[in-house]
Amino acid sequence: MECWENWFQDFGPALQLYARQLTGSAADAEDAVQEAFASCVRTRPAADDPRAFLFTCVRNAVRQQHRSEQRRRTREQTVAADAEWFVRPEDSVQSDERVRRIEQAVAGLPETQREIVVLRIWGELTFPQIGRTLSISSNTAASRFRYAVERLRHVLEPEHEPVRTSRD
Amino acid sequence: MTEHDDPIDDPLLEELRSLRPAPLPPAFRKRLSRPLEPRRDGGSRSTAKAFGVVAAAAACGLAALVTWWTLPRPLPIDEEIADRPPRPAPADDAPAEPRHVRASVWSYHLAVGTSMDEFESLLTDDADRLLPGVGSVEIADVRSIDH
């Protein structure tokens, strides 16, 4: 039981954030996270990569939810931002308004890009892990992430200059 | 560094990373711990539920079988006939006992269209031919016959 207690502490918020991207509803997201933890306890995943396994479980749980027509209708009628996605660190210089803008910018991404942004930035998965979670290649995951970041930059930093990468 | 590494010194990514995902609601932890508790019997809930349904159905079936088995059943036809007392054999030489017949003429009256008088005379005149062995015939009043 210690195992999932630690996972809950470490990954719970990020899993919830990821589930919200896929469900659009805080209630459905909680259901998906609960199912993910229950799957972990049932199947006892390999301890070497529980993080990626948990995100995969959340994704599968959301897929299961999608099979219910009623859930789909409820989800469509629910405002995606029915609860705050992020909490601002106390020592942060960001304003609440800025945090809300970031939320809206992330919410405005296509789902295929949005889930990769969440997995990469807040789930702290590597691109190979993301590829396994989403059943895509790591190159595809990386390119979708780059497109997503550029979109966010366009919305959040209109005057921004192109950034240099480590390969430049 | 690989080709998949994020841009270095990207203030936007740093800003995004500085945000922390909102924590799960406090009640969620309690909700979460319920299904995660290990079951003492080691079985899943769905298995236990399925077993309960099967057991209940078996109990109902057994009760119905016992009820049916203990219900009084009619005797088989052969046994019923064997239990009857034997009928006395008719004596061939016994004289026929004159019987009294109370004739109901309602249906005949309606079907043939004869009057009551005509029917009565018919029965009186030809009683021996029409009703052999009948000693007497009483023609009941049509209106008094209870149908």
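Author: Chain A has eight helices and one strand, where helices (H or I, at least four residues) and strands (E, at least two) are DSSP runs numbered from the N terminus. Read from the N terminus, the order of these elements is α-α-α-α-β-α-α-α-α. The model is a predicted one, in which local features need pLDDT of at least 70 and side-chain atom pairs count only at pLDDT 80 or more, while totals for chains, interfaces and linings use all residues. Residues are numbered from 1 along each chain as its sequence is written, chains are lettered from A and ligands numbered from 1 in the order in which they are written, and side-chain values use heavy atoms, with hydrogens and water left out.

Of the 168 residues in chain A, 49% are buried; buried means under 20% relative accessible area, exposed over 50%, and partly exposed in between, with a 1.4 Å probe and protein chains only. Among contacts in chain A with a separation of 6 or more, 63% come from residues 24 or more positions apart, a contact being heavy atoms within 4.5 Å.

Now to the rings themselves. A pair of aromatic rings is described by the distance of the centres and the angle of the planes. Rings of Phe, Tyr and Trp (its six-membered ring) pair if their centres lie within 6.5 Å, and planes under 30 degrees apart count as stacked, over 60 as edge-to-face and the rest as tilted. By this rule there are four aromatic pairs over all chains. One of them joins Trp85(A) to Phe86(A) in an edge-to-face arrangement, at 6.4 Å centre to centre and with 75 degrees between the planes. Trp85(A) is buried at 3% relative accessibility, and Phe86(A) is buried as well, with a relative accessible area of 1%. Phe86(A) also pairs with Trp122(A): because their planes stand at 40 degrees, with the centres 4.7 Å apart, this pair is tilted. It connects distant parts of the chain, since Phe86(A) belongs to strand β1 (residues 86-87) and Trp122(A) to helix α6 (residues 111-122), 36 residues apart. Trp122(A) has a relative accessible area of 3% and is therefore buried. Through these ring pairs Trp85(A), Phe86(A) and Trp122(A) are linked into a cluster.

Phe127(A) leads on to a helix packing. Helix α7 (residues 127-134) and helix α8 (residues 138-156) of chain A pack at an angle of about 105 degrees with their axes 8 Å apart; axes are lines fitted to C-alpha atoms, for helices over the stretch in contact, and angles run from 0 to 180 degrees between N-to-C directions. This makes α7(A) roughly perpendicular to α8(A), as angles under 35 degrees count as roughly parallel, over 145 as roughly antiparallel, 65 to 115 as roughly perpendicular and the rest as oblique. Phe127(A), Pro128(A) and Ile130(A) of α7(A) make the contact with Ser138(A), Ala141(A), Ala142(A) and Phe145(A) of α8(A).

Helix α6 also holds Gln113(A), which is buried at 11% relative accessibility. Leaving aside residues up to four places away in sequence, Gln113(A) touches Arg144(A), Tyr147(A), Ala148(A) and Arg151(A).
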